[in-house]
Amino acid sequence: MSVQPMDLAGRTAWIKRYALGRRRLSLGPLDLVTRKLGLAPLRPPPHHGGSRAKETERRRIAELRALGVRVPEVLGENDDTLLLGDIGDSLASRLRAAAGDARALDALTRTATAAIADAHRRGAYFGQPVPRNITVDAHGAVGFIDFEEDPLEVMTLAQAQARDWLLFAFGMARHYDARPEALADMLGEVMRIEPRPVGRHARRVGRRLHGLARIVRRLGRSARAFAHAVFVIRGATTWMVLALILLLDWSGDGELDLLLGIFS
């Protein structure tokens, strides 16, 4: 997949091309482990690639738009490409700009968590709501991008919404290294209004993988960062969701070197 900006009559648009899927082998071990351990919210959705990935994203954008969620407008398409409208800077870039300013950082986080919670109340789910896939425009409106995979192919809506919070917490934790309790408090506020099944699925994941805690802290810097994110979630919800460690390499680049090392 590649994404390139272009100028379209004075407005920014994005050309998104979908390459043929190459992650089937790398996602296979994660799918096997999550199914064996009963970790449904962490099952990786199929990565189809090509025209099928394009059709999945186009469909999901239409579904989310119908629910009132802010997503890109589809301006054009061909067999393996979508032309998408711009809906603002990435949350990741806004967070980097706010580094060192606790008030600005918290304001961005509260805005994003409120947008996710509101979308969930409408029946929406995202798949990978990490900061690079969340947008904030000049007026503070939050949007969401990147939908070429559909979690509902392998899990229920409640499981997909639990997955959303897991990945969001992972993406945000690195920005709260010095103030994890602040992130935990903000997540706790929104999680209290989530439907009960969402928390139930997450608690089950936590119970199944609690024993990985000590291992995680000895696997290097990246693994410690995941463990830190998990403990933030624990502080917010008491889920003890150590399952995030399974997503270490997969969330970043589709590789599962750490996962394979743990279970080999």
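Strand β4 is covered on both faces: Thr81, Leu83 and Gly85 on one side, and Leu82 and Leu84 on the other, are all buried. Here, buried means under 20% relative accessible area, exposed over 50%, and partly exposed in between, with a 1.4 Å probe and protein chains only. The model is a predicted one, in which local features need pLDDT of at least 70 and side-chain atom pairs count only at pLDDT 80 or more, while totals for chains, interfaces and linings use all residues. Residues are numbered from 1 along each chain as its sequence is written, and side-chain values use heavy atoms, with hydrogens and water left out.

Because five of the five residues of β4 are buried, the strand is largely enclosed by the rest of the structure. Its partners come next. Strand β2 (residues 11-17) pairs with β4 in the antiparallel sense over five bridges, with Trp14 opposite Leu84. Strand β3 (residues 74-78) also runs antiparallel to β4, joined to it by four bridges, and here Gly76 stands opposite Leu83. Two residues lie between β3 and β4, which form a hairpin. Pairing requires that DSSP finds at least two bridges between two strands.

Leaving aside neighbours within four places in sequence, Leu91 is in contact (heavy atoms within 4.5 Å) with Leu108, Ala112, Pro131, Ile134, Thr135, Val136, Phe168 and Met172.

Helix α2 also holds Leu64, a buried residue with a relative accessible area of 3%. Not counting residues up to four places away in sequence, Leu64 touches Val69, Val71, Ala124, Tyr125, Phe126 and Phe147. Leu64 and Phe126 are 62 residues apart along the chain, and their C-alpha atoms are separated by 8.8 Å.

Finally, the chain as a whole. It has eleven helices and seven strands, taken as DSSP runs (H or I of at least four residues for helices, E of at least two for strands) and numbered from the N terminus. Of its 264 residues, 50% are buried. Among contacts with a separation of 6 or more, 71% are between residues 24 or more positions apart.
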